[in-house]
Amino acid sequence: MLPPRAYFFIGLNGVRALSIIALLLVFASSIFVLVNDVEAVNRSMKSGADTTDCDYIEGSTVPNQPAGVFWAVVNRLLIIFQVVVLILSELGWPAAFFERFFPVLGPHFGLGALGIFQCLIGATILSHHVDDFTLVAAFFLFAVGCLNMLLGLIFRERAKEKRSIMAWRAEAKGVLPTHKDLRPQFARPGSTFVNSMFKGGEKAQADEFGQKGYGFGRQGEKAAGLKGFLISKPLESLPRYAPPPPRSDSRSSSRAGTPEPTFKSSPTAL
């Protein structure tokens, strides 16, 4: 049993084939009607018959009014041009041209716009008295246009993607859905790259501050003195939680902690 996407693919491509056939029939019938109208006008002009009371030239779709022949020919040429554009749109070539200049007929748009164009062409042809071949071709095109509008409402912008042969082949390559790995690529840098990064950082730091720092040692004190700066030594102080130092008695000498020497008088002393 085929998967559901296979039925969608077959059905949508069947409607595409019917659409192309209907457009080809309208293309051929439009050329036939154009040639028939020109021959009818030529016959009317040669006969010299009075056609004042006639709405159309006998045997044609040309209205009997000023510039009626011109507008009848322009109408058929525009229909032929539109049919050619719709056939190319159904074939999907050139896709870049339609995507840029006619986005509604491009690959990223649905079938609704295509069906509207087909119904307009069919209604334009059916609004005139034409022969049986042109009548059948125009009615067939109008019916296919209605079907395309219905499919456009159902599948929306995914219709052309579901019937695309290239998309079918891409999905048939694997069972699992394809996805893009968005994880970052990690690579171990080489030793030369690391050395150049560190050297470049030191050079950038030296360029930013003019020269490299000397720290808080003697070199830094000497460099500061040459620039006119004086570095004062901070005052020594004890923290607040330290016990106060013991007070010394003012009467005691500085050698109070040492024992005092004792002297004995000699009996022979003077």
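This is a predicted model: local features need pLDDT of at least 70, side-chain atom pairs count only at pLDDT 80 or more; totals for chains, interfaces and linings use all residues.

Colleague: Okay. How many helices and strands does the chain have?
Modeller: Nine helices and zero strands. Those labels are DSSP runs numbered from the N terminus: helices are H or I with at least four residues, strands are E with at least two.

Colleague: And what share of the residues is buried?
Modeller: Buried residues make up 24% of the 270 in the chain. Buried means under 20% relative accessible area, exposed is over 50%, and partly exposed is in between (1.4 Å probe, protein chains only).

Colleague: What about contacts in the chain between residues 24 or more positions apart?
Modeller: They account for 66% of the contacts with a separation of 6 or more. A contact here is heavy atoms within 4.5 Å.

Colleague: Now the inside. How many residues are in the largest nonpolar core?
Modeller: That core has 23 residues, and V26, V83 and I121 have the most contacts inside it. At least two residues each come from α1 (4–47), α2 (68–91), α4 (112–126) and α5 (132–155). With six residues, α5 gives the most. By nonpolar core I mean buried Ala, Val, Leu, Ile, Met, Phe, Trp, Tyr and Cys residues joined through side-chain atoms within 4.5 Å.

Colleague: Which residues does V26 touch, leaving aside neighbours within four places in sequence?
Modeller: V26 is in contact with I79, V83, I121, I125, A137, A138 and L141.

Colleague: Switching to the outside: which residues form a nonpolar patch on the surface?
Modeller: V104, F109, I116, F117 and L120, with about 410 Å² of accessible area together. Accessible areas use the Shrake-Rupley method with a 1.4 Å probe, and for residues only the protein chains shown count as cover. Patch members have over 30% relative accessible area and no salt bridge; like charges are joined within 9 Å, nonpolar side chains (Val, Leu, Ile, Met, Phe, Trp, Tyr) within 5 Å. A salt bridge is a side-chain nitrogen of Lys or Arg within 4 Å of a carboxyl oxygen of Asp or Glu.

Colleague: Why does L120 count as exposed?
Modeller: Because its relative accessible area is 51%. L120 is found in helix α4.

Colleague: Last topic, rings. How many aromatic pairs are there in the whole structure?
Modeller: A search finds six. Rings of Phe, Tyr and Trp (its six-membered ring) pair if their centres lie within 6.5 Å; planes under 30 degrees apart are stacked, over 60 edge-to-face, and the rest tilted. One of the pairs is F8 with F155, edge-to-face at 5.5 Å centre to centre and 75° between the planes. F8 is in helix α1 and F155 in helix α5, 147 residues apart, so the pair links distant parts of the chain.

Colleague: Are those two buried or exposed?
Modeller: F155 is buried at 11% relative accessible area, while F8 counts as partly exposed at 37%.

Colleague: And why is the pair of F70 and W71 edge-to-face?
Modeller: Because the planes of F70 and W71 are at 70°, with ring centres 4.9 Å apart. F70 counts as partly exposed at 48% relative accessibility, and W71 as exposed at 53%.

How values were computed
Residues are numbered from 1 along each chain as its sequence is written. Side-chain values use heavy atoms; hydrogens and water are left out.
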